[in-house]
Amino acid sequence: MATVQVRIDDEENKDLDELAKKLEITKSELLRKIIKRGKKGLLFDVYFEKLTKKEISVSRAAIEADLSIPEFMEMARKRGYTYFQYEPEELDRDLDALEE
């Protein structure tokens, strides 16, 4: 496991200490969780934007964001996006992959 150093202000450091204590985990564990969630959200944002610009398909966006298609669509729904153009060929390909 690599070590990374980050400078944060004293107030943020205090907030992290308090949250780690509330969750009964170390600050390192807390920061790893925060980074993982932030990375997931950032990847979603990048590929969601590409999807809405019709640069990539729903399945490609989900794959690139490291999510299942239902997870990706649920995250999009939570952000108010409810319409997906799911091409018949794309659906057939995804269904074939599920059968394998």
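**Pockets and a surface patch**

In this predicted model, α1 and α2 (27-52) each supply at least two residues of the lining of the largest pocket.

Student: Which helix gives the most to the lining of the largest pocket?
Tutor: Both α1 and α2 supply at least two residues to this lining. The top contribution is six residues, and the helix that gives them is α2.

Student: What is the volume of the largest pocket?
Tutor: The value for the largest pocket is about 490 Å³. Of the 15 residues that line this pocket, the closest to its centre are Val 4, Val 6, Ser 28, Leu 31 and Ile 35. The lining divides into nine nonpolar, four polar and two charged residues. The volume asked for is about 490 Å³.

Student: Is Val 4 buried or exposed?
Tutor: Val 4 is found in the segment before α1 (10-23). Its relative accessible area is 66%. Exposed means over 50%, so Val 4, at 66%, is exposed.

Student: Which residues make the nonpolar surface patch?
Tutor: The patch covers about 300 Å². Val 4, one of its members, is exposed. The patch is made by Val 4, Val 6 and Ile 8.

Student: How many charged residues does the lining of the second largest pocket have?
Tutor: The second largest pocket has a volume of about 240 Å³. Its lining includes Arg 32, Lys 36, Arg 37, Lys 39, Lys 40 and Asp 66, along with Ile 35, Leu 43 and Ala 65. By class, there are three nonpolar residues and no polar ones, and the charged residues number six.

Terms used. Residues are numbered from 1 along each chain as its sequence is written. This is a predicted model: local features need pLDDT of at least 70, side-chain atom pairs count only at pLDDT 80 or more; totals for chains, interfaces and linings use all residues. Side-chain values use heavy atoms; hydrogens and water are left out. Patches are made of residues with over 30% relative accessible area and no salt bridge: like charges are joined within 9 Å, nonpolar side chains (Val, Leu, Ile, Met, Phe, Trp, Tyr) within 5 Å. Accessible areas come from the Shrake-Rupley method with a 1.4 Å probe; for residues, only the protein chains shown count as cover. A salt bridge is a side-chain nitrogen of Lys or Arg within 4 Å of a carboxyl oxygen of Asp or Glu. Helices (H or I, at least four residues) and strands (E, at least two) are DSSP runs, numbered from the N terminus. Buried means under 20% relative accessible area, exposed over 50%, partly exposed in between (1.4 Å probe, protein chains only). On a 1 Å grid over the protein atoms alone, a cavity is a set of points where a 1.4 Å probe fits but cannot get out, and a pocket is an open set with protein on both sides within 12 Å along at least five of seven lines; lining residues have an atom within 4 Å of a point. Grid points are joined across faces, edges and corners, and a volume is the space filled by probe spheres set on the points. Ala, Val, Leu, Ile, Met, Phe, Trp, Tyr, Cys and Pro count as nonpolar, Asp, Glu, Lys and Arg as charged, and the others, Gly among them, as polar.
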